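Have the sequence and the 3D view open as you read.

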Amino acid sequence: MRYIVSTVFFVTFLFGSYSAYSQSLILNLPPTVILSLEDISLDNDETVCLDELSYLTSNGVVDLSLIPAAALYGFVWNNQLVNPYGSNRLVEMPDTFVIDFSQYHHANRNVVTSNFGFRRGWQFHYGTDTRLKIGDSIHSSFDGMVRIVQRGRAYGNYIVIRHFNGLETVYAHLSRPLVKVNQIVRAGEVIGLGGNTGRSTGPHLHYEIRFLGQPLNPRDLIDFENYTAIYRILDLNAEHFAYVGELDEVRFYTVRRGDTLSAISRRLGVSIDRLCQLNNIRRNSVLRVGQRLRYT
Ligand SMILES: [Zn+2]
C-alpha cells in the first residue's frame with residue numbers, strides 16, 4: 001500500500017494535476033470523505049511514515065491529513081494556480097454532491113455592484129462584486145485552509161481558500177491579506193482587508209465560489225441581501241454548471257472596417273435588436289474596428 005500512495009504523490013508532484021490513480025479515487029470515494037491518515041494506511045499494523053503523507057509545496061511541507069477535501073481534489077494542493085485541476089474534473093463529478101453550508105459566514109456585508117455572468121456582451125464575470133471601503137474586514141466563508149495568497153494583474157491581492165465542505169472561495173482586490181498559505185482558518189475569521197488592487201475601478205470585493213476549479217454563480221447559493229446561505233445543505237448538480245454549456249454556444253463577430261450594425265445583422269442573420277440586446281449597445285452606437293460583438 002505504501003508503494004501505491006507514494007506513486008500517487010510522485011505523479012502529483014510531477015504533473016501537479018490528476019493521474020489515473022486520483023481519477024479512480026474520485027470515482028470510488030463517497031463525495032464527502034475527507035481523507036485522514038487512517039484512510040490511507042489500510043493495514044492497521046503498518047506504521048505509516050509521516051514524510052510520505054506530506055506535501056512538499058513551494059511554501060513548505062503540508063501534512064496531507066490537514067488538507068480539506070484532499071481526495072475529492074485528487075490530492076492536488078497548489079499554492080499558485082486558481083484552477084490547477086483541469087477542465088475535465090467536472091466530468092468525473094458524481095451526479096449530485098452534498099455541500100454543507102451550515103457554517104456559512106458572509107465575506108463582506110455590503111451592496112452588490114456586479115453579478116456573475118456576461119458583462120458588456122462578451123466578457124464573462126466569474127464572481128459577485130460588493131462595494132466596500134478600503135480597509136473593511138473580509139471574512140472567510142467557511143472553515144478551511146488557505147491555498148493561495150498572492151498578487152495578480154487582474155485580481156490584485158487575492159486569497160484562495162479550500163474548505164472542508166469541498167468548495168473553494170476567492171477574495172480579490174484586497175488592500176492587505178492577513179493570512180499565510182497553508183494556514184487553517186475558521187468560518188468568519190478576518191482573512192484580509194478590502195481594497196482596490198488589480199483591475200478594479202473602485203474599492204470592492206470580487207468574490208468567487210468554485211467547485212473542482214469551476215466557478216459557481218454565488219447568487220445561486222448566497223442571499224446577498226440578507227448575508228446568509230440560501231441552503232443549509234446544498235445538492236450540487238449539473239444544473240449549477242449549466243452556464244458552461246451556454247458559454248460554449250456563444251459566438252462572436254469581430255467588427256471590420258466599414259461595418260455597420262445593419263450590414264452585420266444581414267450577414268449573420270441576427271436581428272439588430274438582438275445584437276443590441278446581447279451586446280448592451282444602442283442601434284446608433286458607433287462600432288470600433290476590432291470590437292467583438294456577441295451574436296448567439
Ligand atoms: Zn468582480
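## The hairpin

Start with Ile148, which stands opposite Val160 in S10. This is a predicted model, where local features need pLDDT of at least 70, side-chain atom pairs count only at pLDDT 80 or more, and totals for chains, interfaces and linings use all residues. Residues are numbered from 1 along each chain as its sequence is written.

S9 (residues 144-152) and S10 (residues 156-163) pair in the antiparallel sense over eight bridges. The two make a hairpin with three residues between them. Strands here are DSSP runs (E, at least two residues), numbered from the N terminus, and two strands pair if DSSP finds at least two bridges between them.

S9 also pairs with strand S13 (residues 184-185), again antiparallel, over two bridges. There, Gly144 has Val185 as its bridge partner.

## The three-strand sheet

Next up is an open sheet with the order S8-S14-S12 and antiparallel pairing. Its edge strands, S8 (137-139) and S12 (176-177), each pair on one side only. S12 and S14 (residues 190-193) are joined by two bridges, and Arg176 sits opposite Leu193 in S14.

Thr197 is in the loop between S14 and strand S15 (204-211). Leaving out residues up to four places away in sequence, Thr197 touches Gly156, Asn157, His173, Leu174 and Ser175 (contact: C-beta atoms, placed from the backbone, within 7 Å).

Methods: Helices (H or I, at least four residues) and strands (E, at least two) are DSSP runs, numbered from the N terminus. Two residues are in contact if their C-beta atoms, placed from the backbone, lie within 7 Å.
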